[in-house]
Every structure is written in C-alpha cells, then in structure tokens.
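Good morning, and thank you for the time.

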Amino acid sequence: MSRSQLSRLAASPIKSLYRPSVVALVYYAIFLGWVLSSYQNDATVFAYIGTMFADRPGSMGEIVREIGFGPPFYRFGYDGQFYYYIALDPFNAWQLLDNIGRYQRILYPLLVRSLSFGILPLIPYLMVAVNLAFVAVGAESLARLLKLHQLNPWYSIGYAFHIGTLVCLRRDLAETIMCAFVLAAIYLIETRGVTPVASLLLSLGLFTKEVAILFVAPYLLWCMVAAGHSKTKAVTLAALTILPYSLFQILLLYRFGLVSFLQVGNLQTATYIPFYGMTKFLTGQPFLEQVSVTILLAIPAIGALGVFLYSVIKKRYHPLLLALLLNGLSLIFMPPESLADVFSYARVSLAPTVAWIAYAAVFRDKRMLAYSILWTIPFQYMHLGWMTY
C-alpha cells in the first residue's frame, strides 16, 4: 500500500467525525463539564430543584434530601426536577409533583432509572448523559435527512446549536429527547415509508412529551386519506402510537382520577387571541430580547402559515406540511406563561424548529434552511450567563 493510500485511510476516520452531531456533542460536553465543575461535580444542579417540592414530607422528600442537591433555585425550581423525582421512584414521585400530568412524560425518567440499575446517586449524572446523547442522535438524524435530499447536512446546526437545545441540556428537560425520536422517525419514513419501527419511534416521542402529537397526527391522517397508501399502515401507526398512549392515559386516570393529558402543557392556558402571548411578553422587554423572540417564534409562526397556503395552492402535499402548520399554530396561540423567560420560549420553539427544517429538507427549500441559520447567531445566547446558575 502506498504512502498516499495510508494517508487517506488515516484521514478518513477523522473526516467522518467532522459532522454536526459530533461537533455539537463535543461543544455541549465541554459546556456541561464546565457547569458541573463549577458546582463541585454535583449533577443535581441540572435538575433545578426547588425547596417548595423537595421539602415536602414523605418518603420521596427523604430520598431527595438524602442524596442531596445543589443550591435550591428559587422556591419553585424548574421542570427538570419532576423528571428527576420520577426517575428516583416512579411509584411514589407523585408526592413531590406539582401535577400528576408529569407522569405522561414518563420515558425520559424511566430510561434513566433503567440505566441506573437502582443506584440512585447515579441518576442525576445519567440524566445529563442521556440528554446529551439524544442531542447527538437528533442532530445526526436531521443531517442524514438533509443529505438524503442532496442538501448540505450542516444546515442541521439550526437545530443542533439552537438556544433551546442548550436550555434543555442545562435544565434536564425532555424536548431534545422527544425531537430526537421524531427526527429519527421522519428519516426512517423518508427512506422506508411508514414502517412499524418508524411508528414505534413516534410512539416513544409521544411518551417523552405530548407535543409529539403535532407530528404523529399528520402522519396518521396522511396514511388514512392519501391515495396509494394501504390502510394497514394507518392501523399499524395508530396501534403503535395512539393506542398505547391512550391506554396509559386511562391507567393514569384510574390511578389518580384525572385526565393527565389535560393537566400539563398549553392546553390549559392556550389563548384564543393570535400572538397575544408574544405581544404581552415583548411589551417593555429589552431590544435584543424582542429581536430574539421575533426570530425564534414570530417569524416562524407566520412563515408556517405562508408556507402552508403556498403549498396548498401549488398542490404540494406532505405530512410535514401539516406538522409545520400545527407547530406554527401552537406558537400563534401560545399562552403568555410559555414566554416567561428565555428558558421557556427557547424550549417551546424546538419542536417548530424540527418541523421547519424537516419540511425544508424534504422540499429542498434552501431559503427556509438559510433562515434556520439565524437560530444559531450569537445574540440568541445573550442569556448564556444564566445557564451557569
């Protein structure tokens, strides 16, 4: 073998590692390591535990206090603490939950619990590791989807380096895991059609966070009404996604006496006035905050409506078109509570980001992809200092 051939072989593995998913993995690993070292390697700091819940009486409170946790973050903490409580003890976590609806987002904590093999002090570290791994999975799936349609895979940085991705990693949130399942399912559907594996991935996304229904519903409707589609695919998709999730809702109803799906999320507080939440939030905010919310939420919401109308006129149909519309509408009627701060609106914008880039990939819309790069520009990270607290 010649020297040039040996050089090419040596360079090949290095070149294969130069991809959006690996770059994002390294970048976020460094950031998370920095935060962890700032808190004496105490990974509970990522869960943002609040004293209002951790100090409650009962067996769960005792477990949390025994393991210990970083400095309490305000009185209420943040949503990551509820995934943490469920991972510690799925059967008794209700003692510390703000709402039993948290149980419907069961996959993330159960996965972490399974990987811990019952060693509870490992759970805070596994929550960070699992979330980081799924960020890479989501970025890789999106890059492959772009490459499948002869587009530059680096357009996936609009998702990989989205401020919402950083927020989810910093606060042990499940949106990135849900998006990873959805993106993997979309890639599989684009390559092999609506297979049982793709349906299972969508189901896993649904059990991670209910927002995945904005992607499940379009594919289910497509299988039911699109010409040339076997109704068997619709039955398979429904059997593997809607049915298990519905049965789980019934189980939670039997156990707690409440419909879990209606207890958490924007369904309770959605506004009927378009853009009311954004308008109320932006009033009096600093200029860069206004620009950030406009780029992350307002323009994509309006753009989704415009793309939908244009596609209908052009008779250009696809399940992702309806997914884009539904995600756009979710932004338009978003309640003010979902824009309380950068942590809230950044995580909410992740699912619409997935719908936007995936649609643009399938229809090879480079203008939409070019716009997605704006989600990575520096001022989106103007609150980076907050991430260390």
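I shall go from the whole chain to one helix, then to a cavity, and finally to some single residues.

What we have is a predicted model, in which local features need pLDDT of at least 70 and side-chain atom pairs count only at pLDDT 80 or more, while totals for chains, interfaces and linings use all residues. Residues are numbered from 1 along each chain as its sequence is written, and side-chain values use heavy atoms, with hydrogens and water left out.

Let me start with the overall picture. The protein has 20 helices and zero strands; these are DSSP runs numbered from the N terminus, helices being H or I with at least four residues and strands E with at least two. Of its 389 residues, 54% count as buried. Buried means under 20% relative accessible area, exposed means over 50%, and partly exposed lies in between, with a 1.4 Å probe and protein chains only. Among contacts between residues at least 6 apart in sequence, 74% join residues at least 24 apart, where contact means heavy atoms within 4.5 Å.

I turn now to helix 4. Which residues of helix 4 are buried? In this helix, residues 59-67, they are Met 60, Gly 61, Ile 63 and Val 64. These residues lie on the same side of helix 4, because they cover an arc of only 160 degrees around the axis, taken from the directions from the helix axis to the C-beta atoms. As a general point, an α-helix has 3.6 residues a turn, so residues three or four places apart point the same way. The face turned away from the buried side of helix 4 carries the exposed residues Glu 62 and Glu 66. The cover over the buried residues includes helix 3 (51-54) and helix 5 (80-88). After helix 4 comes Gly 68, with a positive phi near 90 degrees.

Next, the cavity. A search of the whole structure finds one cavity of 30 Å³ or more. On a 1 Å grid over the protein atoms alone, a cavity is a set of points where a 1.4 Å probe fits but cannot get out, and lining residues have an atom within 4 Å of a point. The volume of the largest cavity is about 30 Å³, counted as the space filled by probe spheres set on the points, which are joined across faces, edges and corners. Its lining consists of Pro 300, Ala 304, Leu 324, Asn 327, Gly 328, Pro 352 and Trp 356. Helix 17 gives the most to this lining, with three residues.

Helix 19 also holds Ala 351, which is buried at a relative accessible area of 5%. Leaving aside neighbours within four places in sequence, Ala 351 is in contact with Met 178, Cys 179, Val 211, Phe 215 and Asn 327.

Finally, consider the loop between helix 2 (20-38) and helix 3, where Gln 40 lies. Most residues other than glycine have a negative phi. Gln 40, however, has a positive phi of about 55 degrees, and it is exposed at 67% relative accessibility. Asn 41 is placed in the loop between helix 2 and helix 3 too; its phi is positive, near 60 degrees, and it is partly exposed at 46%.

Definitions and conventions
1 Å grid on protein atoms, 1.4 Å probe; cavity = no way out; pocket = protein on both sides within 12 Å on 5 of 7 lines; lining within 4 Å.
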